[in-house]
Amino acid sequence: MKPNEIFVIEDNDTMRLGMVETLKRENYNVNEFANPSDALESFFQNPVSILITDLKMEPISGIEVLQKVKKFSPQTEVLVVSAFGNVENAVNAMKLGAADFLTKPFSTEELRLRVKKMFEKVQNKNELEKLHEKNRFLNQELFPHYENLIGKSEAIENVFEMIERVAKEDCSVLLEGESGTGKELVASAIHQKSLRKNESFIKVNCGALNDNLLESELFGHEKGAFTNAFRQKKGRFELSDKGTLFMDEIGDISQVMQVKLLRVLQEGEFERVGGETTLKTDVRIISATHRNFTKLISEQKFREDLYYRLNVIPIKIPALRERREDIPLLVNYFFQKLAKKRNQPPKVISEEGMNLLQNYSWNGNVRELENVVERLNVVSPKDEIDTNLVAQFLGEPISGLTTFENLPLMEAVDSFEKNLIVNALKKCNGVKNQAAKMLGVRTSALYYKLEKYGLM
């Protein structure tokens, strides 16, 4: 819907010409119609935010125009004008959804003021809708702040230093590292320390969506663009305007989407799916991947020009096994967070149990560690978690069932399933589509299991 465009429907040539000239002098983009049927046909193809219609017309009355317009596009503001300015006509029009009623004859100043008021209302509604959309994303995906990045190791200190360096620079950042290392936390920290910190931080997981869904999520869509597109939807590029867009698993997007993304990065322009209006966006892109871009480019699976657009500043996020000295800090932090959430004293772990945690492989990195700590916190009947319980929860790569024999049935099933998934990912070098095929499940089902077991 074009916000600055107005339809004027008036079968009196002199009256229509006067209104059109007045509105054009106010820099509105005006389309004029003497026939209401022609106007409706054009409106249904390209709805506008403001429509002015006469009341008495043939073959369709202004009331019928009002009803059809509001049914098709409830957000369109309609001004009804009429020489029959009685109270009954005005009340009827307002009940049917008209924004205003203007009695002929009227001055150019009166028309100008009424339309200005309607245009301001449209702008306010659009801004409010955008805020609601942003809040919906933020309420669904509360993003953590800088203090949730925990560690004192040299490896993580190097990441902290890079965050400080790049935050104030308004360039694209590529975060590389294994799944679960905290790339989203780093992206959020960069945003919170940037000049865009008072604007939106919006996220999208590119690897979890097919092309059609991803295109709609990124660019939005118009009403009727495809089946079940019952209303216009703003995409994440539009919602994160002036802010930051975090694109996780960017290495998983198709070549078709790569071309579309490259255009936005180069020109700052895009169209919603099913739309013709070109929209502008000013967004800082922070992207992340666990994939090897050098390999992807050499195999011609990822565009080299897009890679250089994304990889202005690269930051490598270390795996948890590369900063084992941070594990006690992380474990303590997770126990403190759980204690606050459950309003209970924080639990502690035995020294031998902590040694087991520090020497574990942690294929799922920090996310897997947090998952294990939460499960230990729930299952342990004591305030101090003993070594045997830690050993049961960690288990070993599957070579038999002895690892699970002392666990309750559901815990054993979960541990067995988790190890199967970990082994499949190892054999497939972390490529989730291949791992899903090996396990005989859908990719979406694998993503669900990865999130369940803290392996994402």
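A residue counts as buried when its relative accessible area is under 20%, as exposed when over 50%, and as partly exposed in between (1.4 Å probe, protein chains only). Helices (H or I, at least four residues) and strands (E, at least two) are DSSP runs, numbered from the N terminus. The model is a predicted one, in which local features need pLDDT of at least 70, side-chain atom pairs count only at pLDDT 80 or more, and totals for chains, interfaces and linings use all residues. Residues are numbered from 1 along each chain as its sequence is written, and side-chain values use heavy atoms, with hydrogens and water left out.

The chain holds 19 helices and 16 strands. Of its 456 residues, 48% are buried. Its C-alpha atoms fill a box of roughly 90 × 50 × 40 Å along the principal axes. The radius of gyration, taken over C-alpha atoms, is 29 Å, whereas a compact globule of 456 residues would have one near 23 Å (the globule rule is 2.2 Å times the number of residues to the power 0.38). Contact means heavy atoms within 4.5 Å. Among contacts between residues at least 6 apart in sequence, 71% join residues at least 24 apart.

Helix 3 spans residues 62-72, and its buried residues are Gly62, Ile63, Val65, Leu66, Val69 and Lys70. Seen down the helix axis, these residues fall within an arc of 155 degrees, so they line one face of helix 3. The arc is that of the directions from the helix axis to the C-beta atoms. An α-helix has 3.6 residues a turn, so residues three or four places apart point the same way.

Glycine 364 lies in the loop between helix 14 (351-359) and helix 15 (365-379). Its relative accessibility is 0%, so glycine 364 counts as buried. Beyond its neighbours within four places in sequence, glycine 364 contacts Ser179, Gly180, Gly454 and Leu455. Leucine 455 is 91 residues away in sequence, yet the C-alpha atoms of the pair are 4.2 Å apart.

Phe416, Leu420, Met438, Leu439 and Val441 make a nonpolar surface patch of about 380 Å². Helix 17 (409-427) and helix 18 (432-439) are the elements that give two or more residues to this patch. Valine 441 sits in the loop between helix 18 and helix 19 (443-452). With a relative accessible area of 37%, valine 441 is partly exposed.

Key. Patch = residues over 30% accessible without salt bridge, like charges linked within 9 Å, V, L, I, M, F, W, Y side chains within 5 Å. Areas by Shrake-Rupley, 256 points an atom, 1.4 Å probe, with all protein chains shown as cover. Salt bridge = Lys/Arg side-chain N within 4 Å of Asp/Glu carboxyl O.
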